[in-house]
Structures are given as C-alpha cells and as structure tokens.
Amino acid sequence: MPDSAAASAEGWHMDVTPYLWFAAIHGTAGVRGHDAGIDASVSDVLSNLNLGFMGSGTIRHNRFLLPMDFMWVKLTDKKALPFEQGPTDIKAEFRQTIFTPGVGYRLLDREFVKVDAYGGVRYWHLNSSLTLQPSTLGGFSQTADWVDGLGGARIYGQLNKIISFTLAGDAGAGQANSDYELMGIFGFRVAEKWTLKAGYRYMGINYRPKSSFVYDVAQSGIVVGATWSIK
C-alpha cells in the first residue's frame, strides 16, 4: 500500500504502513501436469487463514524514493476422507510470499498533487503441500520461486487537510509471462503522523515455466491499513 501524501521537504522521510488485504483468488494452479481451477471468495480465504503479515513502506530523500511491499500468508484446510482404513484425512497447506522492493523518483511535487515513477522487482515464493493423515502415510509438496522486473507510477492527491487519495499501478514480466497490480486508496488523516487507509487492490500473475508448475491467478479485494509517518 502506498505511503502518505504529506507535503515534501528537504532531507530524509520515512513512512510505514501495516495493512490487511481481504482478497479473493481466481484462476488456475497446477503441479506435475495436473491443473485445477481456483475460485476462492474472501470468506473462503479468511476461513482457511492460519497466519499472515502484510506491510509496506517508503524511504525518501528529497525526490528519490525507496518503496517496498511485503506479504506473507499461510492457508490450511483439512478434509475428511471416506475410508474406514488407511488415510482418514487430507491436510492441504499453502504458503505465499511476495516481496517488492524498488527505486523511484518524484516527478511532480506540488502541494496538492504528487507523481512518483519507480522501477523494481517482485519476488514470489509459493509452497503447496498435501499430507495424508496419519502423517506416516506421506504426502506431496511443490515449491516455486521466481523474480519479475517491473515499472510503475503513483499519483497522490490531497482533497483537503484530512482527506487524500492514491492511484497506483505497476506491470512487468521476467520469469513469469505477466505480473501486474492496480490499486485505488483513500486516506483519512487522524493525527499529525497517522493516516487511516482504505481502498481496492488487484494483482495478477501468469507464471507458466517449462516445468509442470502453473500459477495463473488474480487476487483482488478491499485493503485497509494505517500509515505512520515516522520522519
């Protein structure tokens, strides 16, 4: 999630934004030649969420920027099997890490409008596993890691001293065929150094390497957070 749209000044500035992204997931995923459709609503994802951490931040010196974003989630689900002997349950676990560091420059720096351009990379790590219960019966797991280069822009607008908005997006490719995101965020300043944020975020990825791993999905939903302007 973008940092705050506070008025620029010379020197160093830093913003940190912990956030929650209530995202539905749709698309296709597969391993070892077996593809399956994914159609998980926000409630489906939340009911299977085991752990998660999401946060973004920006370090700025004059017009130069170092933006970054990090997401890590762990989803688990357990289903009973209709067998009287042997495996009685199957446990599915999915872990996703997305890290997006970048370097940018503030192209336009006005009191009520600011425009940033940036480039960077997006690192993806996916791990999925299926384990038969009892666990002594074994299971199956698959891991994939890849990096994509990207470029993007952010537009900050200040409607008044309290309300602001941000439009942002980036796109790229590399080891994936395509990798992109779009978001629109409204901010509500509640204190000198704190701004509450809420909006909508869409992220798409199409990863189809020569191996049998496939991850062609879109994640979209409401995002909420709070920006702390440290300096």
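The following questions and answers concern a predicted model of a protein.

Reader: How many helices and strands are there in the protein, and what pattern do they follow?
Author: The protein has 1 helix and 11 strands. Read along the sequence, the order is β-β-α-β-β-β-β-β-β-β-β-β.

Reader: What percentage of the contacts with a separation of 6 or more comes from residues 24 or more positions apart?
Author: The protein has 231 residues, and 39% of them are buried. Among contacts with a separation of 6 or more, the share from residues 24 or more positions apart is 60%.

Reader: Which residues form the nonpolar patch on the surface, and what is their accessible area together?
Author: Strand 1 (12-31) and strand 10 (194-207) each supply at least two residues of the patch. The members are Met14, Val16, Ile162, Phe188, Val190, Trp194, Leu196, Trp228 and Ile230. Together they have an accessible area of about 760 Å².

Reader: Is Ile162 buried or partly exposed?
Author: Ile162 sits in the loop between strand 7 (139-158) and strand 8 (163-174). Its relative accessibility is 40%. Buried would require under 20%, and exposed over 50%. Ile162 therefore counts as partly exposed.

Reader: Which side chain does Lys197 join in a polar contact of 3.0 Å?
Author: Lys197 lies in strand 10. Its relative accessibility is 6%, so Lys197 counts as buried. The polar contact of 3.0 Å joins its side chain to that of Thr227.

Reader: What kind of aromatic pair do Trp124 and Tyr215 form?
Author: The structure holds 9 aromatic pairs. In the pair of Trp124 and Tyr215, the centres are 6.5 Å apart and the planes are at 65°. An angle over 60 degrees counts as edge-to-face. The pair of Trp124 and Tyr215 is therefore edge-to-face.

Reader: Which residue meets Asp69 in a salt bridge, and how many residues apart are the two?
Author: The structure holds 8 salt bridges. One of them has an N to O distance of 3.4 Å and involves the side chains of Asp69 and Arg201. Asp69 is in strand 4 (residues 64-80) and Arg201 in strand 10, so this pair links distant parts of the chain. The partner is Arg201, and the separation is 132 residues.

Reader: Are Asp69 and Arg201 buried or exposed?
Author: The cut-off for buried is under 20% relative accessible area. Asp69 has 8%, and Arg201 has 2%. Asp69 is therefore buried, and Arg201 is buried.

Reader: In the salt bridge of Asp109 with Lys114, which residue is buried?
Author: The closest N and O atoms of Asp109 and Lys114 are 3.1 Å apart. Asp109, at 24% relative accessibility, counts as partly exposed. With a relative accessible area of 2%, the buried residue is Lys114.

Reader: What is the distance between the closest N and O atoms of Arg208 and Asp216?
Author: Arg208 counts as partly exposed at 38% relative accessibility. Asp216 counts as partly exposed at 25%. The two form a salt bridge, and its closest N and O atoms are separated by 3.2 Å.

Reader: Which residues do salt bridges that share partners join into one network?
Author: The bridge between Asp69 and Arg201 was described above. Both residues belong to the network, whose members are Asp69, Arg122, Asp170, Asp179, Glu181 and Arg201.

Methods:
Residues numbered from 1 in each chain as written. Predicted model: local features only at pLDDT ≥ 70, side-chain atom pairs only at ≥ 80, totals over all residues. Heavy atoms only, no water. Helix = DSSP H or I, 4+ residues; strand = E, 2+ residues; numbered from the N terminus. Buried < 20%, exposed > 50% of the residue type's maximum accessible area, 1.4 Å probe, protein only. Contact = heavy atoms within 4.5 Å. Patch = residues over 30% accessible without salt bridge, like charges linked within 9 Å, V, L, I, M, F, W, Y side chains within 5 Å. Areas by Shrake-Rupley, 256 points an atom, 1.4 Å probe, with all protein chains shown as cover. Salt bridge = Lys/Arg side-chain N within 4 Å of Asp/Glu carboxyl O. Polar contact = N/O pair within 3.5 Å; in protein donor to acceptor, adjacent residues only side chain to side chain. Phe/Tyr/Trp six-rings, centres within 6.5 Å; stacked < 30°, edge-to-face > 60°.
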